[in-house]
Amino acid sequence: MQFLTDFLKQAKAGNLYRKTVTYNPISPTCVQMEGRRYLMLASNNYLGLTHDPAVQQAAIDAIRLYGTGSGGARLTTGTYLLVDQLEQELARFKEAEAALVFNTGYMANLGVLSSLAEPRDVIFSDELNHASIIDGCRLSRAQIAVYRHADMEHLHNLLEKTVCMGKRLIVTDGVFSMDGDLAPLGEITRLGELYDAIIVVDDAHSTGVIGPGGKGTAAHFGVSDKVQVQIGTLSKALGAEGGFVAGSKELIDYIKNKARSFIFSTALAPATIAAALAALRQLVTRPELVTRLTDNTQYVRRLLQAAKLPVVDGVTPIIPIIVGAEEASVRLAYELKQQGIIITAIRPPTVPTGTSRLRLTVNAAHELDELAWAVDIITAAINQPGMRVR
């Protein structure tokens, strides 16, 4: 079909072509590909729990006890005890009454937003929200008012002037996935109270990363009691797979009965649930994991800034190095791979044109010496003759 050929040709010509890469993860920080070992600086495995012995053993034990698959959707086939335990402990961790697990964070956003909002409602959405939030807003068929990124004056203006015949919802990422910056939740919750808006926060990149004990953005800003809907993922800091929503018991009961991405999906496999539960317990009982992540993050940021690289300020382990041109970001990622480092080149449409970047992510399992080595390699690659970055 010609339209397929035309699209792929255009993507390749514009340095926007993407393909999957196959490698073997051998530790939280290293992968192996074609017999060669690489330092992984592109993973969202923030606490390094994918290879934690307790997490791995929990998954193995769950397979032996419950089998390999769940057998069906939870509302038709039923569930098993591990799921109830995970939801109870997630709720406790997020300081909420209840929680509900979804198959992915993407499905959580789709299900929650399309359930809560209706055509008479208005959703106020940050312009840099994740694609899953954008798609969830669209599926709801509510009116969508997009405010400039983290611009509280613009949000206030929209809340004041947008006609709304139903509910108002303000939805935002807690930590934005490409820049690693934080949503200003203190001001967002203030505006929510002023305009009687439901606050929905996606903490995919926040859970296990920021806030007291890694409890997320709302806890970081001390506004957990003012955020009615907290969404998260099990597939980043918790090293497993899946998503969840936490809130009041009434909210969770409502979503169970409304969210199509929950109702019509086969439940997660027992091994996945067991791994997520074990990882959550590691996070709760080992606060040093979050401390180590914070220390590693600050260390890398200091080194990059000392090298005068084009790094965006921040406090999270997502560290974008803004390159600018698509071709330059692809070239840099390729050269770093040749030297043993995996860092992803992020290009449009994921980020705006002209802001292509290397998206470097740090985790708690990285050693300081390997991080220092990586910064030296990155610095040399960016500063090489002929390399033009923003």
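Analyst: A salt bridge is a side-chain nitrogen of Lys or Arg within 4 Å of a carboxyl oxygen of Asp or Glu. By this rule the count here is 14 salt bridges. The structure is a predicted model, in which local features need pLDDT of at least 70 and side-chain atom pairs count only at pLDDT 80 or more, while totals for chains, interfaces and linings use all residues. Residues are numbered from 1 along each chain as its sequence is written, and side-chain values use heavy atoms, with hydrogens and water left out.

User: What do the side chains of lysine 167 and glutamate 118 form?

Analyst: Side chains of opposite charge can pair when their charged atoms come close. Lysine 167 and glutamate 118 form a salt bridge through their side chains, at 3.9 Å from N to O. Lysine 167 sits in the loop between helix H7 (152–161) and strand E7 (168–173), and glutamate 118 in the loop between helix H5 (105–116) and strand E5 (122–126), so the pair ties together parts that are 49 residues apart in sequence. Helices (H or I, at least four residues) and strands (E, at least two) are DSSP runs numbered from the N terminus.

User: Which residue's side chain meets that of arginine 281 in a salt bridge?

Analyst: The partner of arginine 281 is glutamate 89, at 2.7 Å from N to O. This pair links distant parts of the chain, since arginine 281 belongs to helix H12 (residues 270–285) and glutamate 89 to helix H4 (residues 81–93), 192 residues apart. Glutamate 89 is buried at 18% relative accessible area, whereas arginine 281 is partly exposed at 37%.

User: At what angle do H4 and H12 pack?

Analyst: Two packed helices are described by the angle between their axes and the distance between the axes. Axes are lines fitted to C-alpha atoms, for helices over the stretch in contact, and angles run from 0 to 180 degrees between N-to-C directions. H4 and H12 pack at about 30°, with their axes 9 Å apart. That angle makes H4 roughly parallel to H12; under 35 degrees counts as roughly parallel, over 145 as roughly antiparallel, 65 to 115 as roughly perpendicular and the rest as oblique. Residues in the contact include Leu86, Glu89 and Phe93 of H4, and Ile273, Leu277 and Arg281 of H12. Contact means heavy atoms within 4.5 Å.

User: Which hand does the crossing of H4 and H12 have?

Analyst: A crossing is left-handed if the near helix is turned anticlockwise from the far one by less than a right angle, and right-handed if clockwise. The crossing of H4 and H12 is left-handed. For H14 and H15 the crossing is right-handed. Helix H14 (residues 326–338) and helix H15 (residues 368–382) pack at about 135°, with their axes 10 Å apart, and are therefore oblique to each other. Leu332, Glu335 and Leu336 of H14 meet Ile377, Ile378, Ala381 and Ile382 of H15.

User: Which residues are linked with Arg286 in a network of salt bridges?

Analyst: Asp52 and Glu288 are linked with Arg286 in such a network. Arginine 286 is partly exposed at 27%, and glutamate 288 is partly exposed at 44%.

User: What does UniProt list for Lys236?

Analyst: An unreviewed UniProt entry lists Lys236 as "modified residue: N6-(pyridoxal phosphate)lysine". UniProt positions follow the numbering used here, feature names are shortened, and annotations may be inferred rather than shown by experiment. In the model, lysine 236 lies in the loop between strand E9 (229–233) and strand E10 (243–247). Lysine 236 counts as buried because its relative accessibility is 15%. Leaving out residues up to four places away in sequence, lysine 236 touches Asn44, Asn45, Tyr46, Ala204 and His205.

User: Where does leucine 49 lie?

Analyst: Leucine 49 is in the loop between strand E3 (36–40) and helix H2 (53–66). Leucine 49 is buried, at 1% relative accessibility. Beyond its neighbours within four places in sequence, leucine 49 contacts Val55, Ala237, Ala279, Gln282 and Leu289.

Notes. Buried < 20%, exposed > 50% of the residue type's maximum accessible area, 1.4 Å probe, protein only.
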